[in-house]
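Reader: Please take me closely through one part of this model: the side of the first chain that touches the second, and the packing behind it. Keep it brisk.

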Amino acid sequence: MNSARYPFVTVGEQHMYMFYSDGPMGTIRKAVLYERIGKNLFNLGFGDWNGELNQINDFGRSNNGDRDKVLATVAFTALDFTDQFPDAHILFEGTTLARTRLYQMSIAYNLLEISTYFQIQGLKSESWEPFRLGRNYKAFLVRRI
Amino acid sequence: MKTSTRKKHLPGITFDPDMPDFSKDPFFVKKAQRARTLIAKVGLPENQPKKRKK
């Protein structure tokens, strides 16, 4: 994973990661969580940490001009996470169709690099298939190769 | 799950014991619930019936 990314910190036992996005809107704390939802199945969630309210907001509305770097950082947390849990399946989807489409575009753009580390499945018409360019998916499932 | 063979984190990754615990944040709880519902509905790739070749 050679893309530019932010350094991040972890509390490993809880499968949480945190990093800071820097841009025109300032420094924004980002939170990434791998939550176990099945035996070897984890849901990947990520959002912006609001320190004043002590809660997470939806990711990507911060307009900090660093979307690709942020997504590359999230991808790198997946690399770290699957280094520890090599059998893990990681599920993720956007909170909206537009967000899911954004993730799909990011995967497509970096597919060659991502495919060296991960096997990616896309959810199409209620069934999973290997990720293919030019197809629209509702959700994604990745596992370490 | 191979927790017994758990590796250290990748180089350059800092461990922060003071990081706030956001694992029970309503945003993530809701996302996880949505994911559980999705998997209950569609299953995992290895559990899918194979498509027949015509």
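Author: First, a term for what follows: pLDDT is the predictor's confidence in each residue, on a scale from 0 to 100. This is a predicted model. Chain B has a mean pLDDT of 75. In that chain, 59% of the residues reach 70 or more. Residues 1-5 of chain B have pLDDT below 50. That stretch still makes six contacts in the model beyond near neighbours in sequence. Where pLDDT is low, the predicted coordinates should not be read in detail. For the model as a whole, ipTM is 0.82 and pTM is 0.85.

Chain A carries three helices and nine strands. Read from the N terminus, their order is β-β-β-β-β-α-β-α-α-β-β-β. The radius of gyration of chain A is 15 Å, close to the 15 Å that the globule rule gives for 145 residues, so chain A is as compact as a globular protein of that length. Its C-alpha trace spans about 40 × 35 × 30 Å along the principal axes. Of the 145 residues in chain A, 41% are buried. Among contacts in chain A with a separation of 6 or more, 49% join residues 24 or more positions apart.

Next, the side you asked about. Here 39 residues of chain A are in contact with 31 residues of chain B. Strand β4 of chain A, residues 41-50, gives the most to this side, with five residues. By type, the chain A side holds 20 nonpolar, 14 polar and five charged residues.

Ile56(A) counts as buried because 24 C-beta neighbours lie inside 10 Å, and the cut-off is 20 or more. Leaving out residues up to four places away in sequence, Ile56(A) touches both chains. In chain A, its partners are Ala31(A), Gly47(A), Asp48(A) and Trp49(A). In chain B, they are Phe22(B), Asp25(B), Phe27(B) and Phe28(B). Val32(A) is 24 residues from Ile56(A) in sequence, and their C-alpha atoms are 10.0 Å apart.

Follow the contact to Ala31(A). Beyond its neighbours within four places in sequence, Ala31(A) is in contact with Met16(A), Met18(A), Phe46(A), Gly47(A), Trp49(A), Ile56(A) and Phe22(B).

The largest nonpolar core has 42 residues. Ala31(A), Leu44(A), Ile90(A) and Leu91(A) touch the most other members. Elements giving two or more residues to this core include β2 (16-23), β3 (26-36), β4 and β6 (89-92) of chain A. The largest share, seven residues, comes from α1(A). In soluble globular proteins, nonpolar side chains tend to be buried together.

For contrast, take Asn54(A). This residue lies in the loop between β4 and β5 of chain A. Asn54(A) is exposed because 10 other C-beta atoms lie within 10 Å, and the cut-off is 12 or fewer. Arg135(A) is 81 residues away along the chain, and the two C-alpha atoms are separated by 38 Å.

Key
Residues numbered from 1 in each chain as written. Chains lettered and ligands numbered in written order. Predicted model: local features only at pLDDT ≥ 70, side-chain atom pairs only at ≥ 80, totals over all residues. Contact = placed C-beta atoms within 7 Å. Helix = DSSP H or I, 4+ residues; strand = E, 2+ residues; numbered from the N terminus. Nonpolar A, V, L, I, M, F, W, Y, C, P; charged D, E, K, R; others polar. Rg over C-alpha atoms; globule rule 2.2 N^0.38 Å. Core = buried A, V, L, I, M, F, W, Y, C linked by C-beta atoms within 7 Å.
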